[in-house]
Amino acid sequence: LAHRFGRGFHELVVTMLGAGQAADRSAQTQALCGLFERRPDCLHLIVTWPGATIPPGLYGWRNTRVVQTRRALHLAQAADMAVSAAGYNSFHEFLYHGVPALFIPQMSPFMDDQRRRAQAAARRDLAGAVEPEELLRLSREVRAFLDDGKAASIRDRLAGYDLPQRGTAAAAALIEAEGKA
C-alpha cells in the first residue's frame, strides 16, 4: 500500500460506509477524513464496490484514498481499525475475521436492524458503535481505538471469543447434495 500510494504510514484505517444507496453518509465520511487528516502517519482508505459513485470531495484529502475493490475484507484485516456500517455481511465478516471495527449503523428505515446488531457487539466489547449523528463521539471513539488500545483489545477479545460455527460448509454441502439429486 505504501508503494502503491507513494507514501509511508504507521496506521491504516479502512472505512466502508456504503455508496450512499441506503443513506447519505457524507457527514460521517467527511468527519473521518478530517480526523485522519490530523494524523500524518495514517493512511485512510475509503473502500467501495467497483462502479460506485464517489463524491468528488473525498479526493481532496492528503491522508485519504478511495479504493474500489471486491477484496475489502483483505484490506480490513490488514488495518489497525475499520469503520463500517453494520450490515449483515460486513458485521459478521469483521467479527469472524478478528477485525477491530467501529460500527455506524445505516439509518434508513428500510434496512434491517443494524443499530441493534452494532449495539449487541459493543455491549460485549467485540466492537465499537456510534450513532450516525454522533460526530463528536465518533472522534472520541477513533482516538480510543488508535491511541488508547481499544482496537488491540477488541482484536484480542475476538481471537478468544467463542462465536457460533460458520454455516458456509453446511450450506456448501446442501448445495452439493442438491446437485447430485
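# A walk from the sheet to the loops

Start with the strands: S3-S2-S1-S4-S5-S6 is the order of an open, 6-stranded sheet with parallel pairing. Strands here are DSSP runs (E, at least two residues) and helices likewise (H or I, at least four), numbered from the N terminus; two strands pair if DSSP finds at least two bridges between them. At the edges sit strand S3 (64–68) and S6, each pairing on one side only.

Before you click further, keep in mind that this is a predicted model, where local features need pLDDT of at least 70, side-chain atom pairs count only at pLDDT 80 or more, and totals for chains, interfaces and linings use all residues. Residues are numbered from 1 along each chain as its sequence is written, and side-chain values use heavy atoms, with hydrogens and water left out.

**Next, S5 and S6.** These two run parallel, joined by 2 bridges. Select Phe103 and look across: Ala129 in S6 stands opposite.

Now bring in the helices. Helix H2 (residues 26–37) packs on the sheet and touches S1, strand S2 (42–48), S3 and strand S4 (81–84), contact meaning heavy atoms within 4.5 Å. The direction of H2 makes about 160° with that of S2; axes are lines fitted to C-alpha atoms, for helices over the stretch in contact, and angles run from 0 to 180 degrees between N-to-C directions. Helix H6 (residues 135–147) also packs on the sheet, touching S1, S4, S5 and S6, and its direction is at about 170° to that of S5.

**Then the rings.** Show Phe91, Phe94 and Phe103, which ring pairs link into a cluster. Rings of Phe, Tyr and Trp (its six-membered ring) pair if their centres lie within 6.5 Å; planes under 30 degrees apart count as stacked, over 60 as edge-to-face and the rest as tilted. That rule gives 2 aromatic pairs. In the tilted one, Phe91 and Phe103 are 5.2 Å apart centre to centre, with 40° between the planes. Phe91 lies in helix H4 (residues 88–96) and Phe103 in strand S5 (residues 101–103), so this pair ties together parts 12 residues apart in sequence. Phe94 and Phe103 make a stacked pair, because their centres are 6.4 Å apart and their planes at 25°.

Buried or exposed? Phe94 counts as buried at 1% relative accessibility, and Phe103 does too at 0%. The cut-offs are under 20% relative accessible area for buried, over 50% for exposed, and partly exposed in between (1.4 Å probe, protein chains only).

**Widen the selection to the core.** The largest nonpolar core has 45 residues, and Leu45, Phe94, Phe103 and Val142 have the most contacts inside it. Such a core is a set of buried Ala, Val, Leu, Ile, Met, Phe, Trp, Tyr and Cys residues joined through side-chain atoms within 4.5 Å. Another core, of 6 residues, lies apart from it, with Cys33, Ala52, Ile54 and Val66 among them.

Thr15, in strand S1 (residues 11–16), is buried at a relative accessible area of 1%. Beyond residues up to four places away in sequence, Thr15 touches Leu32, His44, Leu45, Ile46, Val47 and Val83.

**Finish in the loops.** Asp125 is in the loop between helix H5 (114–123) and strand S6 (128–129). Its phi is near 55°, a positive value in a residue other than glycine, and at 48% relative accessibility Asp125 counts as partly exposed.

Last stop: Gln165, in the loop between helix H7 (150–160) and helix H8 (168–180). Gln165 is exposed, with a relative accessible area of 77%.
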